[in-house]
Amino acid sequence: MLHRAEQGSFRVLNPRGAHAVACGIDSDISVEIDGSVGYYCAGMHQKGSVYVDGNASTGLAENIMSGTVRVAGSATMSAGATGHGGLVVIEGNAGARCGISMKGVDIVVGGNVGHMSAFMAQAGNLVVLGDAGDDLGDSIYEANLYVRGEVASLGADAIRKDMRPEHVRTLAGLLDVAGMEADPQDFRRYGTARSLYNFHIDDVDAEVARRAG
């Protein structure tokens, strides 16, 4: 029914931890799930919105492309993994590997994130109002990580970076759309040191032109 629908609002009652609930939605519909869900809830999500009034297990909103996925409770491993776009909001905590290999998705976590979060994160923003576990941003590319609390340790090639005005504006916008009350000035930004690159990112246009010539 959810796959066939092109508009409207739906409620999923008593999911009882079922897997792949509201997975693969690709139309502008609103889905409210009354209870906790299992693996891959709202996976491959496009357009519309999914709200989980409970907790979510592994792979919440995995490979999200657009739209919004929100969880009132907490999520376990790999929330928002490989997401290309859209917004994922987790009001509670997120487990290990939150935002792993994210490719443009914005993820806002009201609590803490576990170890190896944003591993190989390529693009997008991860906002953490609580603390971050070990190896945050390991092998990160060009994503931005904003953490208000403590970071247990940074992964390979991840460093603390300046919070410039444009980053403060981006963070303020994400907090606002996620409905989180926090001062952007209380956050620290982390990103790539670019020491693992085999090319210099600032010279990429010149390199493309050289190869084309």
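**Aromatic pair and sheet architecture**

At 40% relative accessibility, Y39 counts as partly exposed, a class lying between buried (under 20% relative accessible area) and exposed (over 50%), with a 1.4 Å probe and protein chains only. Y40 is likewise partly exposed, at 39%. The model is predicted, so to speak of local features requires pLDDT of at least 70 and side-chain atom pairs count only at pLDDT 80 or more, while totals for chains, interfaces and linings use all residues. Residues are numbered from 1 along each chain as its sequence is written, and side-chain values use heavy atoms, leaving out hydrogens and water.

The structure holds one aromatic pair. Y39 and Y40 form this pair, with 6.2 Å centre to centre and 85° between the planes, an edge-to-face arrangement. Rings of Phe, Tyr and Trp (its six-membered ring) pair if their centres lie within 6.5 Å; planes under 30 degrees apart are stacked, over 60 edge-to-face and the rest tilted.

Strands are DSSP runs of E with at least two residues, and two of them pair if DSSP finds at least two bridges between them. Strand β3 (residues 49-52) pairs with β4 (residues 68-71) in the parallel sense over four bridges; in β4, R70 is the bridge partner of Y51.
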